[in-house]
Amino acid sequence: MDAELIKGQDLKKVAPVFGQLSFDDHEQVVFCYDKETGLKAIIGIHDTTLGPALGGTRMWNYESEWEALNDVLRLSRGMTFKSAITGLDLGGGKAVIIGDAKTQKTPELMRRFGKFVDSLSGKYITAEDVGMATEDMDTVREVTKHVTGISESLGGSGNPSPVTGYGVFMGMKAAAKFKLGVDTLKGIKVLVQGIGNVGETVVKHIREEGGEVFITDINKERLEEVANKYGAKIFEGDDIYTADVEIYSPCALGATVNDETINKLKAKVIAGAANNQLAEEEKHGQMLLDKGIVYAPDFLINAGGVINVYGELKGFKREEVMEKTENIYNTTLEILKTAEENKMTTQKAAMKIAQERIDKRKNEK
């Protein structure tokens, strides 16, 4: 199951799709191109055993198409296990649009992308991700019904980021309970890396509970804004991975937990919103276990967003969505205990539970 992260130049050494290390029995990979709008997108559909593949669309200025393909394969695979372990009747999918979201994203481009989504007849349902906003999903909704996370005024659930952030917070509390023996984060030092919409929500909840938060981000203006708003501290050190904190919370892009950073980490717990935090699942999961660092599996604790948009599809009330998201605490604690009892990594324990649910559904069919 391991989907190893490899650099763009190394991808050329293997077959374009089927031979990629990130290709993990994906059902379908769709390459989308439109000359008039400049759209270059890839839709990855990993597994639809449990239901239609749902996952957000990310717009990113990738260095190469190889890098974009690697990303969409890893992300779509992650969505399969995220939905499975959360108990949702959804499969795993994801889409990436190659380009600068600030300068190249247009309504015409989003509508053209929406038509490609529509051509899949509901096998893939899109939503927002990095580089996207609720209004972009509203634009996609003009040409396809296979989209979630649209504005509340249009009957949708709006921005899923607050729910995602709340789920990460609940997973973080469970990991802190397991490793540190505390019922609240009061007085606990947490470093949050990346303070976009989800990261900000994580900061908000930690501060409301009395935790001490250090924040870091490439956007300096955003740092000042969030620091002033919640009383967080801007991390001033040279290396965030050596910060003297109990919890490291990666909430930006993935693969920040790797050979180099694990050896530096002083934190006792890793719990964040970023997808694919382990650069190599098996290797780095084991390194964390050997070092005594508790890792709250990312695809579990950042599942609040998919719970939110699933609720939109099923017509759940807000209270039911938040109740399901809050249950991430119990599931996280269960997985951490299972991993300890079976002397395995938390990533492997979570994957095992998710895969068993998928296999059971396959057998039922």
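This is a predicted model: local features need pLDDT of at least 70, side-chain atom pairs count only at pLDDT 80 or more; totals for chains, interfaces and linings use all residues.
How many bridges join β6 to β9, and do these strands run parallel or antiparallel?

1. Strands β6 and β9 run parallel and are joined by 4 bridges. Within this arrangement, Q193 is positioned opposite P250 of β9.

2. The sheet to which these strands belong is open and consists of 6 strands with parallel pairing, ordered β8-β7-β6-β9-β10-β11. Its edges are formed by β8 (233–234) and β11 (294–295); each has a single partner strand, so one side of each lacks a neighbour in the sheet.

3. Helix α6 spans residues 197–208 and contains 12 residues. The distance from its first C-alpha to its last is 17 Å, which is close to the 16 Å expected at 1.5 Å a residue. After α6 comes G210, which has a positive phi, near 95°.

4. The buried residues of α6 are V198, G199, E200, T201, V202, V203, H205 and I206.

5. C32 is buried, at a relative accessible area of 3%. C251 is likewise buried, with a relative accessible area of 13%. Both values fall in the buried class because that class comprises residues under 20% relative accessible area.

Notes
Residues are numbered from 1 along each chain as its sequence is written. Side-chain values use heavy atoms; hydrogens and water are left out. Buried means under 20% relative accessible area, exposed over 50%, partly exposed in between (1.4 Å probe, protein chains only). Helices (H or I, at least four residues) and strands (E, at least two) are DSSP runs, numbered from the N terminus. The expected span of a helix is 1.5 Å times one less than its number of residues. Two strands pair if DSSP finds at least two bridges between them.
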